[in-house]
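Biologist: I have a model on screen. Can you show me how to read its domains and its helix packing?

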Amino acid sequence: MSSNKKYWRGVEELNETSPVVEKLRQNEFVEEIPTDEFLGDKESLESSATSRRDFLKFVGFSTAAASLAACEGPVTKTIPYVVQPDRIVPGVANYYATTMADGFDFASVLVKTREGRPIKIESNKMAKASLGANARVHASVLSLYDNQRIKRPQIDGEDVSWEEFDRQVGNALQNVGGQKVLLTSTMASPSTSNLIKEFSAKYGNVKHVVYDAVSEDAALDAYQMKYGERALGNYDFEKAEVIVSIGADFLGDWQAGGNDVGYSKSRIPKNGKMSRHIQFESNMTQTGAKADKRVPLKPSQQKAVLAAIYGYVVGGGSKNKLSPALDDVVVKAARQLRSAGAGAVVVSGIPDVDAQSLVLAINEALGSRVMDRNNPKLIRKGNAKQVAQLVKDMNSGSVGALLTVGVNPAFSLPNAEAFKEGMKKVEVSVAFSMKKDETAKLSKYIAATPHYLESWGDVQLTKKNFSLMQPTIRPLFDTRQFQDTLLKWTGSEMNYRDYIKETWASNLSGRGWNQALHDGVFEANSPVSSIATEEGDVAGMGTMSAPNYSSAVNNLSSDEGSEFELSLYTKVSLGDGGQANNPWLQEFPDPITRVSWDNYLLISKPDADKLGVKNPTVSNGALNGSYVNLKVGDAVVKNVPVIIQPGQAKGAVGLALGYGRKEAIQKEMQVGVNAYPLYKDFSAFQNVTIEKADGMHEFACVQLQSTMAGRDDIVKETTLEIFNSKDKHYWNPVPEVDYDHNEISVREEKASLWKEFDREIGHHFNLSIDLNACTGCGACVIACHSENNVPVVGKEEVRKFRDMHWLRIDRYYSSADTFKQEQEDLENLGAFETYDKIENASYDNPEVAFQPVMCQHCNHAPCETVCPVAATSHGRQGQNHMAYNRCVGTRYCANNCPYKVRRFNWFLYSENEEFDYNMNNDLGRMVLNPDVTVRSRGVMEKCSMCIQITQKTILDAKREGREVGDDEFFTACSRACDQGAMTFGDINNKDSKIVELKEDDRMYHLLESTGTKPNVMYQTLVKNTGDL
Amino acid sequence: MEKVNIRHSISKTLLFLLVVLFSFSQSFGQEKSASGQDNGEAIQAAQEETAGASDTAESAADGLGDPAKGKELFNSLCASCHKRYKRSTGPALNGVTSRHSMDWLYSWIKNSQAMIASGDAEAVAIYEEFNQTAMTPFPQLSNEDIDNILAYVEQPKPEPTAVVDGGAGGASGSGSGSGVSTDIILGVLAFVLLLLVVVLVLVNKTLNNFAAASGVELSKKETSGKPIWRAFAENQFLVIVTSIFFLLAAAYFAYGYLMQVGVDQTYQPVQPIHFSHRIHAGDNGVDCKYCHSSARVSKTSGVPSLNVCMNCHKVISEVAPETATEDFSKEFYDKEIAKLYNAVGWDATTQSYTGEEQPVKWVRVHNLPDFAYYNHSQHVTVAGIECQQCHGPVQEMEVLYQFAPLTMGWCINCHRETNVNLEGSGYYDKIHEQLSKKYGVETLTAAQMGATECGKCHY
């Protein structure tokens, strides 16, 4: 009997009389297909000159022409040098040591050049100042080949020659009345300081104002008050045993960054010991993610905590208004600080002079040896008060000439509107800029400046550590660097290179100029008397009164805060926004949120619920977010998309600076909102009011799965206590499989279906990734991009999870407070409850883990067996090869890969108008590595374990007739990892470090139970939670 | 029975004509080629004679010394800086005895620096004229030696005589002449064949007519059943076999055709400068890696930069007369060297660089696709393979062409067949030791070392 059950497709269908239902029944398509639009117009069809026969003729002709054209092979021309430079051998890379210094990022780097083109940045391992090259530094090579750079000097928007430019600006500067102000970024260059002095002497009434878009003013003031020197503390976290951070994202860009190198070293358990890290913060940062104990707090609470810690450590008051639970944590932290003594350090990112003073006082009281008093950092000089004064002066009309150098205040000043008004009153405005940005556009004269890879320079990173900058390519455009222009204007015949050489003539402490230039770094005493007082220091500042700690404590603990407190921060990808037109950085997913191509408001779950903002996942699997409007004082930023961030402190919201630039930025990269208007008084903490706005924002987020769902063979994690006391089989068990009704280790030979090849002879490469040392900084991701010609696919494609990163850094939240608890939940809960519980991250305060994942180069690779055309196969040296020209694009391999590391070229990403990034213009293509194929549409690609580099290393050894030395092998990612999280090597070389790591107790393989026998290994994450 | 004489005679005449034509054409061709050869030889002989005559005549007239000995000395000592008839690093030496006195010449050649130092006006003038380039002193030369050298340099420039021109023309004429005659023979043969066919048809027709006229009934062949094509068409087995055969044959040729698409073996493009590897690598024995130096250390062999050419061509501004071949005259080669000077911006008259450079756009001969990685140094330095193994007899190539197919199969074959040289390399020592201990292997091919793995060349 047939059922007369009625199935219905929608509620509307139940309504018998509904016209909609009737209409849908009648029409196959909901909307009528607009055929008439192109066929109905008889007139236009008839008036067309092309008849059907003509059309066929055209088709025939073009087919014939196309096939005829295809018969002829292309003629390739090759043009050798007329006079070949000595050092250049086509096909062999040259390396030059130089320095990146763009006012925000400072790093000593090695530049790889091929045929005279810089193609990759690596960090200079000789550098003593432990400033590793971060993702932005690695990506800076692409900014050299930026299409939007200004190509020659301009006056009033018209291109002019340099002679004309010098003449006109020279006249203008001679004749202008009022102050002449040089507004520069932090240059930290002794020679430039000298030069500015000479310039001042010649022109008179010159004022030099240093402006950092993202200011460290409070820390600089505090340091100056205490130690009489405008500098930043130089912390070596390798020496730290207990680290207490209050709002300092010191693994990010806190106080000019570069602290992650030392930190990572202190985090690897050695002899049963590692450092302990307690973090109080409002946004979830990389630093918080790495902490052993993380306490989410609103900015105002952070201040109270700092005051309390001061009380507990230095003394002077154990009274505070902290909640008992919080006070308990603070007491414990203070106790540990005291017991660690010299090995303890407190750092803070609170943008407040009082707070920074207290931090210095606490460290002094502890006798901390982590901060090097004799060698402070000199790479932030910005003076907020002077900048504010300048804007006032400009508006009062007392500034006659304004020379902006490498800064973009018309965009990045909180009071940019006032600055723009002031610009109108300045008679002579000269912008030294690489771009025709917001400021340059308002300036009468634009002096086109070169990229740092085309320039000379000297940089004082710390008091004793210097780094030299040298050009690695001839200027691509008709540009002249700021210093050369100053030399011209002061009437000097010298060029800047000779000027630097002269500055250092007698100060290279026994080493010649050539040696210093070769190394790129050297230690010395500055030949220029205290650039600290020269840059950014004015009368009055030097005689700052000594800090009053008790009033500081009072001030801090009396901050009431407000309902919502905003913490402005900088993202790993864009920093202060200087490289906003760099597609590698735009596509780089944030280490925590895993969102690329955007900035957004970070908000906690309870606050989001209160405001009614949502973060839904839509039907195509992509992430959306509600919009909100933010208001700080009179500044309003509209339509800020929202990300609900697990671990975000209640009442605290976060927003990244550096986004939302529009001028001289390609349309595709004009993303995000400009948060600088909220950056009042250069303070990152602001009280903010939030209201929900209409509409939904489309994010490009690459990882929506936020937990490991209780599985313990993805990120293995344990505590130092267990690590020290228990056997490795307890905390790092090898998965077992059933064999003849017995459980055997999956590592045993008989557990596998396949026969093992003999891999004992020759090389066999392994890569080890230490999850303790990895801070998720992403330098490896960009290095991989740069080495392997990985294409940029754009926001729309990333949203569809078609990102091409060969190396991704997965971030996992725990669904409970810790990963251990998550696994316990999985065991104890029923099937239905588990889903809700463990698939969703804890929003309160989850534990976080980073895990870089690339092709695991399995010895028993599942991808190889399913390829119908044998395009992927295994090499004797352990690498899983991918022959692009053999691939037909079935994608079986990607589907069979348990690690999901294979990337498919859905489109042609080079020379394609639809993907208008660096590979679509001649300039941008100069960055391509000539040793690696640019993949075409329809082929699969993946990490090759940098086979081009290992092959090169082997070939060099063969040519020189020697064995490959210990640890001579490297990959792009392992070399980029200054933290030492990634180690690459040959396990058949028994002396190498990789063998030691392979035998390490912490070693495990990702998803080892699948029996893939990968050549990539991980070191178990150990957290020093102890009695916290 | 009537005879139709006329027809008969036509065919006969035609036949006769044919025979005559055939024999004539053959003798004509032979004669022509023979004469051409003779001509060439005669001219050559004449040339030598005149040259010899002028040599002796001049030396006799001058009475300086023995030009033959002088030539030897000149070539070993002077030729790097001086030319007889052309300014080089130093002045052209022809006519030097009329410019300076013999005594002055003796002392100048023996020690020019001393003369300049002593302030001799002539000496200083020359020193200044040639950019203060000091001439190497030759105290070892006796006056007699100097006489000999001067005798050699004072020989007047042999004028390119009309005879020589004629000779070259004749030679090329005879070359092409022999080609034409072969063509003619072939043409004639084809014509003869055609005539024979026509004649046969005509004869057949005539005979038939004749038979018809004389009433002879020609016995027609018995049409025994079906025609053969029908029998074939009805035999399905045969049809299938044949069609399979044809399909296979078609597939074979189609495959062959497709396999050569993109394989540019023997690709021989015309280059902007006619650079002859035959002259450089063959006749003069210049080592390949002298110019292609980056082959030793780099993935590319490198098209030599023009400053490398100028290492030699600064002094070699023209080719020796012996270098000229039948196809390319000395003038032709000299013009090509002039092209080099033009490109590199070298002014031969002032012996200086003008700075006006025009990089040469060579046409690449060997084009590997982008997805194939090839490293020259791996093969040249590590494996020690001769360049000729892949590039063919370059030293014999007037114009370079692609010798090898450069297909993957070609690469792989070599990797399978070539043993790796394990001896005496610090890199292979350990591997070799391990191998012989473990497997008792003493030699192994590149393929066994992993040289046929995809990822070794494709990444």
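Biologist: How far apart do the C-alpha centres of domain 2 and domain 4 of chain A lie?

Modeller: They lie 34 Å apart. The bounds, from an automatic or database domain assignment, are 218–366 for domain 2 and 717–1023 for domain 4. This is a predicted model: local features need pLDDT of at least 70, side-chain atom pairs count only at pLDDT 80 or more, and totals for chains, interfaces and linings use all residues. Residues are numbered from 1 along each chain as its sequence is written, while chains are lettered from A and ligands numbered from 1 in the order in which they are written.

Biologist: How many residues of domain 2 of chain A are in contact with domain 4 of chain A?

Modeller: Contact means C-beta atoms, placed from the backbone, within 7 Å. Here 16 residues of domain 2 of chain A meet 18 residues of domain 4 of chain A. On the domain 2 side, H10(A) gives the largest share, four residues.

Biologist: Now helix packing. What describes it?

Modeller: Two packed helices are described by the angle between their axes and the distance between the axes. Helices are DSSP runs (H or I, at least four residues), numbered from the N terminus. Take H9 (217–227) and H14 (353–366) of chain A: their axes come within 8 Å and cross at roughly 50°.

Biologist: Which residues of H14(A) make the contact?

Modeller: A:Val353, A:Gln356, A:Ser357 and A:Leu360. Among their partners on H9(A) are A:Ala218 and A:Tyr223.

Methods: Axes are lines fitted to C-alpha atoms, for helices over the stretch in contact, and angles run from 0 to 180 degrees between N-to-C directions. Helices (H or I, at least four residues) and strands (E, at least two) are DSSP runs, numbered from the N terminus. Two residues are in contact if their C-beta atoms, placed from the backbone, lie within 7 Å.
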